[in-house]
Amino acid sequence: MAIVTGMEDPRKGRAFVNFRELAKAVNTIIILMGASRIGEIAKELIEGGLDPGTYVAIITRAYMGNSRVTITTVGKLATGEVSVEHPSVIVVGDVVREGLKAMKIAGINFEMDA
C-alpha cells in the first residue's frame, strides 16, 4: 500500500511521486489532494500497467453531512467520464472491491459508476 499526494509543489522542479512505478509496485494506492489531477494520474497508472478496469473509491467530504462515496474505474477517470470533487480521498485497487462487500453489509450508501 502507498499513501501519496496527488498535488506536488511545482517549484520543486520535479515530481517525487511516480504513478507509473506505483502501478507495478503496490496493490493499493491512496491519493490525497488529487482531485484536480485525477485524469492525468489515472492515465499514468494505466501507462504503468494498471488495468483500466481497476476499481476506484472516491470518498468526498468524508464525515460531513453531505459526504459521498463513488465507485468507478481507473479507465473512466482517465477518459474524464467521472470527475472528482474537492475534498476527496481516492482509493485505487482491489481493496475497493472488498470494501464494497463491507459497505453493503454495513448499509453504507454509495454511487456505482463502474
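A polar contact here is a pair of N or O atoms within 3.5 Å; within protein, one atom must be able to donate a hydrogen and the other to accept it, and residues adjacent in sequence count only if both atoms are side-chain atoms. With that in hand, look at Ser88: its side chain makes such a contact with the side chain of Thr60, at 2.9 Å. The backbone oxygen of Glu85 also lies 2.5 Å from a polar atom of the Ser88 side chain.

Some ground rules before going on. This is a predicted model, where local features need pLDDT of at least 70 and side-chain atom pairs count only at pLDDT 80 or more, while totals for chains, interfaces and linings use all residues. Residues are numbered from 1 along each chain as its sequence is written, and side-chain values use heavy atoms, with hydrogens and water left out.

As for confidence, pLDDT is the predictor's own figure for each residue, from 0 to 100. The chain averages 92, and 100% of its residues reach 70 or more. Helices (H or I, at least four residues) and strands (E, at least two) are DSSP runs, numbered from the N terminus.

| Residue | Relative accessible area |
|---|---|
| Ser88 | 9% |
| Leu100 | 6% |
| Glu8 | 18% |
| Ala57 | 10% |

Back to Ser88, which sits in strand β5 (residues 88-93). Not counting residues up to four places away in sequence, Ser88 touches Ile31, Met33, Ile58, Ile59 and Thr60; touching, or contact, means heavy atoms within 4.5 Å.

Glu8 is in the loop between β1 (2-5) and α1 (19-25). The side chains of Glu8 and Lys12 are joined by a polar contact of 2.6 Å, and a polar atom of the Glu8 side chain lies 2.8 Å from the backbone nitrogen of Phe16. Beyond four places in sequence, Glu8 touches Arg14, Ala15, Phe16 and Val17.

Now for the nonpolar cores, meaning sets of buried Ala, Val, Leu, Ile, Met, Phe, Trp, Tyr and Cys residues joined through side-chain atoms within 4.5 Å. The largest has 23 residues, of which Val4, Phe19, Ile31, Leu45, Leu77 and Val92 touch the most other members. At least two residues of this core come from each of β1, α1, β2, α2 (38-47), β3 (55-60), α3 (74-78) and β5, with α2 giving the largest share, 4 residues. Apart from this core lies another, of 9 residues, among them Ala57, Val69, Val96 and Met103.

Ala57 lies in strand β3. Leaving out residues up to four places away, Ala57 touches Thr70, Ile71, Val89, Ile90, Val91 and Val96. Ala57 and Glu111 are 54 residues apart along the chain, and their C-alpha atoms are separated by 9.6 Å.

Leu100 belongs to helix α4 (residues 94-106). Leu100 and Ile71 are 29 residues apart in sequence but 8.6 Å apart in space, C-alpha to C-alpha. The contacts of Leu100 beyond four places in sequence are Tyr55, Ile71, Phe110 and Met112.

Tyr55 also has a charge over its ring: Arg97 lies over the face, 4.5 Å from the ring centre. The test is NZ of Lys or CZ of Arg within 6 Å of the ring centre and within 35 degrees of the ring normal.

How values were computed. Buried < 20%, exposed > 50% of the residue type's maximum accessible area, 1.4 Å probe, protein only.
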